[in-house]
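Dear colleague,

Please find the structure below. My notes on its surface patch and its charge pairs follow.

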Amino acid sequence: MSLKPPNNPSSILGCWVINHTHQAKKVGQYIEVTGKFDVNVWYSHHDHSKTSVFSESVPYKDRIRLSYRDEQTSGQEEILVSVVQHPNCTEALISDCGEKFVIKVERELVAEVVGETKVCITVHPHQFEEEWSFKDESSSDQVDGSGPKFEERKGKDSNPF
């Protein structure tokens with residue numbers, strides 16, 4: 001972004017971004033985030049003999065495309081936007097013409113749509129259960145055969161349970 005102060009700047013002494021506010025709403029297949037923040041630039045002018053702070057409020061509007069939707073919803077969704085990184089000045093330069101500031105600001109937001117959904121569950125009418133023999137369940141036996149040994153009892157009551 002470029003900002004024009006009332007005086008031609010000689011040098012930039014500092015730049016910071018404050019007072020970030022935002023709100024979001026769903027518009028069609030997008031989440032629209034609108035907000036603003038203030039950019040303050042401390043600079044020298046009149047051949048480095050004076051200093052001033054230039055402030056300007058910068059509005060923004062971001063459109064975040066919803067990548068996947070099942071069907072049209074009831075419109076009762078809740079839109080949640082959280083700030084991962086507040087706007088921050090990454091670079092502040094004086095333009096080639098010497099009359100403006102060229103400011104680079106980065107910010108990061110996360111948007112979520114929360115609402116009701118339907119889930120389809122397939123029910124199988126036949127009960128399916130895999131049968132395992134008792135000998136196959138011996139997971140505590142080690143490969144070298146040094147694990148616990150089980151005696152198989154034959155007789156009238158051979159069921160261990």
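Strands (E, at least two residues) and helices (H or I, at least four) are DSSP runs, numbered from the N terminus. This is a predicted model, in which local features need pLDDT of at least 70 and side-chain atom pairs count only at pLDDT 80 or more, while totals for chains, interfaces and linings use all residues. Residues are numbered from 1 along each chain as its sequence is written, and side-chain values use heavy atoms, with hydrogens and water left out.

Strand β2 (residues 9-27) gives the most to a nonpolar patch, with three residues. The patch, on the surface, is formed by L13, W16, I18, W42 and V53, with about 440 Å² of accessible area together. Patches consist of residues with over 30% relative accessible area and no salt bridge; like charges are joined within 9 Å, nonpolar side chains (Val, Leu, Ile, Met, Phe, Trp, Tyr) within 5 Å. Areas come from the Shrake-Rupley method with a 1.4 Å probe, and for residues only the protein chains shown count as cover.

The structure holds three salt bridges (a side-chain nitrogen of Lys or Arg within 4 Å of a carboxyl oxygen of Asp or Glu).

- E99 pairs with K4, the closest N and O atoms being 3.9 Å apart. This pair links distant parts of the chain, 95 residues apart.
- R107 pairs with D62 at 2.5 Å between the closest N and O atoms, linking strand β6 to strand β4 (residues 50-65).
- E91 pairs with K104, with 3.2 Å between the closest N and O atoms; E91 is in strand β5 and K104 in strand β6.

Kind regards
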